[in-house]
Structure formats: C-alpha cells, structure tokens
Amino acid sequence: TKEYEGRNTTVYTTSETAPTNAGEYNLILTVSGASAETYAGTLTVPFAITQKEVTVKAKDRDILVGADIPSLANPVPDTDYTVAGFIGTDTLGGTVSMSYTGTPDNTQHGSYPITISGGTASDNYSLKHENGTLTISIEVSLITTAITVANNTKNGIATYDTAASSVAYGTKFVTTAEMSALNTAIQTATDAKASCTTLAQVQAVAKALDDAVADFKAAIKTGTYTAPSGGDSDGGSTGGGSDSSSGISSTTSTTSTNPSAPSTGDSSPLGAMAGIMLLGLAGMVGLVWKKKVSL
C-alpha cells in the first residue's frame, strides 16, 4: 500500500491521496497480504513540496525635469507594479505599499529607489519583492536644436580677413576670428549636453549658443569687388598687379594729357604733317599771287 502523511509542522492526515499543497510529507510504502510470509515491511520516504515563488516588482518610472513626481499613495497593478508567478486563477491578495527612498527633486537630474512591500498569497506561494527606480532626466533637445541651427548658419559663408572691397562681389563672408568664435560656441554646447543636471542649465547653454549665432549673423559681410571689364577708353595706360595673399586682382590707371600744338621744329609725326600742310598752303598763295600780277 501507499499512504501519505504530514511531517514536522505540516498537518496532513494520513491518506492514500497525494498532497498538492506546499509542505513536508512522508510517503509510507507497506508490503502486506498474501506475500507477507516472504516479503513484509514498511518503507517511509520523506519529501517536500516547495512553495512557488511569486515576484511583486515595482515598475521603473522615467520623467523629465520639471514634470510631476508620480504618486505612489494608492499603487495600481500593472501601472505601478507587476505580479508574476501565480498558477491558474490564483491572485495576489492584501494591500501593496510603495514609497520613494528620499524625496525626489524634479528640478534636477537624479534617481530615487522605489520600495515595495505587502500583498498576500496562499501557503503554496512565497512572495518576492523587487524595488524599482524613479529616474529624472534632462531634456536636452533645446541644445541639440541650437547646435543644428548654428551649423546650418555657417553654410555658404566664406572666411576672409580683408575688407569687403577686396572680396568678390556678392560673396558672404566673416573673419577668421568670427568663424572661430561660433565654432567654439558649438563645441561648448556639445560638451555641455552630457553634464547638464537642471533644466535651467539646459536653457542657459541653448541661449548662449543662440546668442553666438546672432552675433555671427550680424558679422556677415558681403563682398563688393568687381573686376575691370576692359582697357582705358581715354587712351591712357594701365598697369596691373595681383595680391598673392587673397588672389584678388587689382588695377591702376593714368590718364595722358592732350598733345601740344605742333611747331615747325616738332619732330613728332603730327608735327611733320602740320609742316607739310603749311608749306603747301604757302605754295598755293604764291601761285595765285603770280597769276594776279601777270594779269
């Protein structure tokens, strides 16, 4: 025969029906009847049915700086905590209690343990409580947006350390120092993203970069230089040169004065032509005079 009985503190009246609840038991095996003359005796085998573990876990919570701290006054299953491990229709009974360790400060980055306790279950279960964490994070999208805007502002802007009159017409430019100042501001904001602990710090970093962008925009200048289209129309000479440091060509011009009236001793081509014309005119006058006298 086979029988079961409770052992130690477990109460279970001897029965041929196997126990199903958690506890300590003995299995009693007895040999009897017709075979008793050859085989007889009793064997007791101790065994235990252990409790099934049920985990009651506080849910982690995440909020941004400035948001309301979640209330734990009346914990709600699946919203504030989870329960796992029950079999069939068995459920958690009693009251679950939750609280923060320390007082959460929603004005700055930080984390706070969420403790959980309470709840009941039948003797077939053992309850295991697991704490959670409230994490308060900084929203750094303000800085991210400011960095994107700053980088886009540099697009199409050249760098020249010279006057607008020496920069090609229509070219947008700033000085090397002005470009460097904006790049430094962008790097400072990038580094600060990981170190800000309060919303006020995030706002201050974003504003500082926005101000640097405004200064950069105000410093943008437009080139006004236009290359000459042709030579000197008044017959003057031109002389040109090239600025090797900027690559911008420059030209200078001088204007000639009008030539003086020709003289007989003028050796220039114009003077010689004038002399010939005067000699011809004198010859014609002499010929006319000669014809008049002969008449």
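# Loops, helix pairs and core

Trainee: Where in the chain is Asn-8 found?
Mentor: This is a predicted model, and in it strand E1 covers residues 2-6 while strand E2 covers residues 23-31. Asn-8 is found in the loop between E1 and E2.

Trainee: What is the phi of Asn-8?
Mentor: Most residues other than glycine have a negative phi. Asn-8 is a residue other than glycine with a positive value, and its phi is near 55 degrees.

Trainee: Is Asn-8 buried or exposed?
Mentor: The cut-off that matters here is 50% relative accessible area, over which a residue is called exposed. Asn-8 has a relative accessible area of 59%, and is therefore exposed.

Trainee: Is Thr-10 buried or exposed?
Mentor: Thr-10 is also found in the loop between E1 and E2. Leaving aside neighbours within four places in sequence, Thr-10 is in contact with Gly-23, Glu-24 and Tyr-25. Since buried means under 20% relative accessible area, the 16% of Thr-10 makes this residue buried.

Trainee: Is Asp-78 buried or exposed?
Mentor: Asp-78 lies in the loop between strand E5 (61-64) and strand E6 (81-84), and has a positive phi, near 70 degrees, although this residue is not a glycine. Its relative accessibility is 57%, so Asp-78 counts as exposed.

Trainee: How far apart in space are Lys-59 and Pro-77, C-alpha to C-alpha?
Mentor: Lys-59 is found in the loop between E4 and E5, and at 31% relative accessibility counts as partly exposed. Beyond its neighbours within four places in sequence, Lys-59 is in contact with Asp-78, Thr-79, Asp-80, Tyr-81, Thr-82 and Ile-114. In sequence Lys-59 and Pro-77 are 18 residues apart, while in space their C-alpha to C-alpha separation is 9.7 Å.

Trainee: What relative accessibility does Thr-198 have?
Mentor: Thr-198 lies in the loop between H2 and H3. Not counting residues up to four places away in sequence, Thr-198 touches Thr-107, Gln-108 and Ile-138. Thr-198 counts as buried because its relative accessibility is 17%.

Trainee: How are H1 and H2 oriented to each other, roughly parallel or antiparallel?
Mentor: Two packed helices are described by the angle between their axes and the distance between the axes. For helix H1 (residues 141-153) and helix H2 (residues 176-192) the angle is about 160 degrees, and the axes are 10 Å apart. Angles over 145 degrees count as roughly antiparallel, and H1 and H2 are therefore roughly antiparallel.

Trainee: How many residues in the contact of H1 with H2 are nonpolar?
Mentor: The two helices cross with a left-handed sense, and the contact is made by Ile-143, Ile-147, Ala-150 and Asn-151 of H1 together with Leu-182, Ile-186, Ala-189 and Thr-190 of H2. Divided by class, these residues include no charged and two polar ones, and the number of nonpolar ones is six.

Trainee: How many residues in the contact of H2 with H3 are charged?
Mentor: H2 and H3 pack at about 165 degrees with their axes 10 Å apart, which makes H2 roughly antiparallel to H3, and their crossing is left-handed. H2 contributes Glu-178, Met-179, Leu-182, Ala-185, Ile-186, Ala-189 and Ala-192, whereas H3 contributes Val-205, Leu-209, Ala-212, Val-213, Phe-216 and Ala-219. By class, 12 of these residues are nonpolar and none is polar, and the number of charged residues is one.

Trainee: Which element gives the largest share of the largest nonpolar core?
Mentor: This core has 35 residues, and those with the most contacts inside it are Met-98, Ile-143 and Leu-209. The elements giving two or more residues are strands E4 (52-58), E7 (93-100), E8 (110-120) and E10 (132-137), along with H1, H2 and helix H3 (199-219). The largest share, seven residues, comes from H3.

Trainee: Which residues does Leu-209 touch, not counting those up to four places away in sequence?
Mentor: Leu-209 is one of the H3 residues in the contact with H2, and one of those with the most contacts inside the core. With that sequence limit applied, the residues Leu-209 touches are Ala-146, Ile-147, Ala-150, Ala-185, Ile-186 and Ala-189.

Trainee: What percentage of the residues of the protein count as buried?
Mentor: The protein has four helices and 15 strands. Among contacts with a separation of 6 or more, 56% are between residues 24 or more positions apart. Of the 295 residues of the protein, the share that counts as buried is 22%.

Definitions and conventions. Residues numbered from 1 in each chain as written. Predicted model: local features only at pLDDT ≥ 70, side-chain atom pairs only at ≥ 80, totals over all residues. Heavy atoms only, no water. Axes fitted to C-alpha atoms, helices over the stretch in contact; angles between N-to-C directions. Parallel < 35°, antiparallel > 145°, perpendicular 65-115°, else oblique. Left-handed = near helix turned anticlockwise from the far one by under 90°. Contact = heavy atoms within 4.5 Å. Nonpolar A, V, L, I, M, F, W, Y, C, P; charged D, E, K, R; others polar. Core = buried A, V, L, I, M, F, W, Y, C linked by side-chain atoms within 4.5 Å. Buried < 20%, exposed > 50% of the residue type's maximum accessible area, 1.4 Å probe, protein only.
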